[in-house]
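Work through these exercises with the model open beside you. Try each task before reading its solution.

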Amino acid sequence: MEKTPLFSVITICFNAEETIVPTLESVKSQSFGDFEYIVQDGMSSDRTVALVKEAGIQSLCLVSERDNGIYDAMNRGLGRARGEYVIFLNAGDAFHGSDALRRIADIIERENNPGIVYGQTILVDKDRNYVGPRHLTAPVDLRLDSFSNGMVVCHQAFVALRRITGRYNTDYRFSADYEWCIKCLQHSRHNIYAGDEPLIEYLNEGTTTRNRWRSLMERWSIMSTYFGLWITVCRHFGFVARALKRKSL
C-alpha cells in the first residue's frame, strides 16, 4: 500500500506562465520531502503546463482540464489529495524559505496532529521584492470567532487536517475560501500558531481588484450567516475605519 504523505500541496492555475515559476521553485526547494504536489490547471493555452513539467518536482500530480472557476478547481484538487494535511499555494505565491514545510511538520508532531496549523504572510511584488506585511495579522490564539474580524489568516498560510475539510461552496465566486476556513475551524479541536516567522509569500497584485465589491458583499453574507447580523454590522464599522487609516498612510 502506498504511504500517505503528510502534506498535499495544491496549486490552482490558469495561463500562469508569468507567475508560477517562483511557486514551483519554492515547492522544489523544501527540505522536508514528505508531500505530494498537485497542480490543477484549467487547460492553460500558454507555457504553464510545460513549466510545471520542466520543474522536475517529485510526487507531482499534474491535471489540466476545464473547470468552472477557481473554487471548482480547488474542489477538484482537494478531491485528488491523499495527504494528511492540505496547503493551497496559488500561482505566484511561495513558501517563505526552504524550511517552511519542515517547520509545520515539527509542529504537527510536537502538538499531536492539531486540526489547523497557521502562520503569518508577507506581501511580495512580481520581482519577489518585499512589499510589506499583510494588512491583517494572524492572531497568536486562533478561534472560530477570530474570523468575525475578517480573514485574519491568509488562505495559503492556513494548513488544515484534510479529514476536517469540506468542499468549497461554489455559490460564492470570490470569497468561498473565507467560508471554507470558518468551516474548518468549526471542526478543529485545536489550532497551533507557527510563530512570527512568515510561512508564506503572497504575490501582491494591488489593493483593489475588479471584483472587490462583489467579494465584500459575499463576505458580508458569510459573516452574517456564521456570526450574526449585529456582529457583522459592528465589525464593518471597524473595517471602514481600518481601510481609511490604510488609505491615509
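**Exercise 1. Overall fold**

What percentage of the 249 residues of the chain count as buried? Then check the chain against a compact globule.

Solution. This is a predicted model.
- Step 1: 51% of the 249 residues count as buried.
- Step 2: a compact globule with 249 residues would have a radius of gyration near 18 Å; the chain has 18 Å, so the two agree.
- Step 3: along the principal axes, the C-alpha atoms fill a box of roughly 50 × 40 × 35 Å.
- Step 4: the secondary structure comes to seven helices and 11 strands.
- Step 5: look at contacts between residues at least 6 apart in sequence; 75% of them join residues at least 24 apart.

**Exercise 2. Cysteines**

How many disulfides does a search of the whole structure find? Explain the result for Cys181.

Solution. 
- Step 1: the search finds zero disulfides. Cys13 is in none, and its nearest cysteine sulfur, that of Cys61, is 12 Å away.
- Step 2: a disulfide needs two cysteine sulfur atoms within 2.5 Å. The closest cysteine sulfur to that of Cys181 belongs to Cys184, at 6.3 Å, which is too far for a bond.
- Step 3: buried means under 20% relative accessible area. Cys13 has 5% relative accessibility, so Cys13 counts as buried. Cys181 has 0%, so Cys181 is buried too.

**Exercise 3. The core**

Which residues touch the most other members of the largest nonpolar core? Trace the contacts of Phe158.

Solution. 
- Step 1: the core has 70 residues, and Phe7, Phe147, Phe158 and Trp180 touch the most other members. Helix H5 (residues 176–186) supplies the largest share of this core, seven residues.
- Step 2: set aside residues up to four places away in sequence. Phe158 then touches, among others, Val86, Ile116, Leu142, Phe147, Trp180, Cys181 and Cys184.
- Step 3: In soluble globular proteins, nonpolar side chains tend to be buried together.

**Exercise 4. Helix H5**

Is H5 largely enclosed or largely open? Find what covers its buried residues.

Solution. 
- Step 1: nine of the 11 residues of H5 are buried, so the helix is largely enclosed by the rest of the structure. The buried residues include Asp177 and Glu179 as well as Ile182 and Leu185.
- Step 2: the cover includes helices H3 (70–80) and H6 (212–227). It also includes strands S4, S6 (116–118), S9 (158–161) and S10 (191–193).
- Step 3: take Ala176, which lies in H5. Its relative accessibility is 0%, so Ala176 counts as buried. Beyond its neighbours within four places in sequence, Ala176 contacts Tyr71, Tyr168 and Asn169.

**Exercise 5. Aromatic rings**

How many aromatic pairs are there? Classify the pair Phe7 and Tyr85.

Solution. 
- Step 1: the count comes to 10 aromatic pairs.
- Step 2: the ring centres of Phe7 and Tyr85 are 6.5 Å apart and the planes lie at 55°, so this pair is tilted.
- Step 3: this pair links distant parts of the chain. Phe7 is in strand S1 (residues 7–13) and Tyr85 in strand S4 (residues 85–88), 78 residues apart. Both Phe7 and Tyr85 are buried.
- Step 4: ring pairs also link Tyr71, Phe88, Phe147, Phe158, Tyr168, Tyr178 and Trp180 into a cluster.
- Step 5: the charged end of Arg219 sits over the ring of Tyr178, 5.3 Å from its centre.

Definitions and conventions. Residues numbered from 1 in each chain as written. Predicted model: local features only at pLDDT ≥ 70, side-chain atom pairs only at ≥ 80, totals over all residues. Heavy atoms only, no water. Buried < 20%, exposed > 50% of the residue type's maximum accessible area, 1.4 Å probe, protein only. Core = buried A, V, L, I, M, F, W, Y, C linked by side-chain atoms within 4.5 Å. Helix = DSSP H or I, 4+ residues; strand = E, 2+ residues; numbered from the N terminus. Contact = heavy atoms within 4.5 Å. Phe/Tyr/Trp six-rings, centres within 6.5 Å; stacked < 30°, edge-to-face > 60°. Lys NZ or Arg CZ within 6 Å of the ring centre and 35° of its normal. Rg over C-alpha atoms; globule rule 2.2 N^0.38 Å.
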